[in-house]
Amino acid sequence: MSALKDLESKRHISLETYRKNKEPVRTPVWFVIRDNFIQVVTREKTGKVKRIKNNQQVRIATCTIRGKITGEWMSGIVKILTDVETNNAVKLRDQKYGLVAKIAKFVSRGKGDFVAFIIKLD
């Protein structure tokens, strides 16, 4: 899939999730690509986890670290990963983002355990 190929060199995507009232919420996130899926690691007590548990439909676009959209929007569906898959996703994320990921791990530890999910583009 060429869309995934184009994403590989990027550092951030804007993840658009939806509140129960269908209002979109955009969050810049780190990601990795594995097995033709986009993998995102976050913490269990974040709003995006709550929103994707209610609605697995998402949209993504490349963006800056501050969330300024730099690419085209693409639709997808989310699947939350198992604990083992999450551990693997954390390792891949740490490889891609290095020391910054290790610092983020420490700073975000109060937001619960890691949760990872994959995004399958439509």
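Biologist: Which residues does threonine 42 touch, not counting residues up to four places away in sequence?

Modeller: A word on the basis comes before the answer. This is a predicted model, in which local features need pLDDT of at least 70 and side-chain atom pairs count only at pLDDT 80 or more, whereas totals for chains, interfaces and linings use all residues. Residues are numbered from 1 along each chain as its sequence is written, and side-chain values use heavy atoms, with hydrogens and water left out.

Threonine 42 touches Lys48, Val49, Asp113, Phe114, Val115 and Phe117 once residues up to four places away in sequence are set aside, a contact being heavy atoms within 4.5 Å. Threonine 42 itself lies in strand β4, where helices (H or I, at least four residues) and strands (E, at least two) are DSSP runs numbered from the N terminus. With a relative accessibility of 8%, threonine 42 counts as buried; that label means under 20% relative accessible area, while exposed means over 50% and partly exposed lies in between, for a 1.4 Å probe and protein chains only. The side chain of threonine 42 makes two polar contacts of interest here, one with the side chain of threonine 46 at 3.4 Å and one with the side chain of lysine 48 at 3.3 Å. A polar contact is a pair of N or O atoms within 3.5 Å; within protein, one must be able to donate a hydrogen and the other to accept it, and residues adjacent in sequence count only if both atoms are side-chain atoms.

As background, an α-helix has 3.6 residues a turn, so residues three or four places apart point the same way.

The geometry of α3 (residues 83-107) deserves attention: a straight helix of 25 residues would span 36 Å at 1.5 Å a residue, yet α3 spans only 21 Å between its end C-alpha atoms. The expected span is 1.5 Å times one less than the number of residues. At glycine 98, α3 bends by about 125°, where a bend is the angle between axes fitted to the seven residues ending at a position and the seven starting there.

Aspartate 94 is one of the residues of α3, and counts as buried because its relative accessibility is 11%. Leaving aside neighbours within four places in sequence, aspartate 94 is in contact with Ala101, Lys102 and Lys105, and its side chain makes a polar contact of 2.5 Å with the side chain of lysine 105. Further along, arginine 109 lies in the loop between α3 and β7, and a polar atom of its side chain lies 2.4 Å from the backbone oxygen of phenylalanine 106.

The loop between β3 and β4 holds aspartate 35, which has a positive phi of about 55° although it is not a glycine. Aspartate 35 is exposed, with a relative accessible area of 58%. Lysine 22, in the loop between β1 (13-18) and β2 (24-29), likewise is not a glycine and has a positive phi of about 75°, and at 61% relative accessibility it counts as exposed.

Of its 122 residues, 41% count as buried, and among contacts between residues at least 6 apart in sequence, 67% join residues at least 24 apart. A compact globule of 122 residues would have a radius of gyration near 14 Å, and the chain has 13 Å, which agrees; the radius is taken over C-alpha atoms, and the globule rule is 2.2 Å times the number of residues to the power 0.38. The C-alpha trace spans about 30 × 30 × 25 Å along its principal axes.
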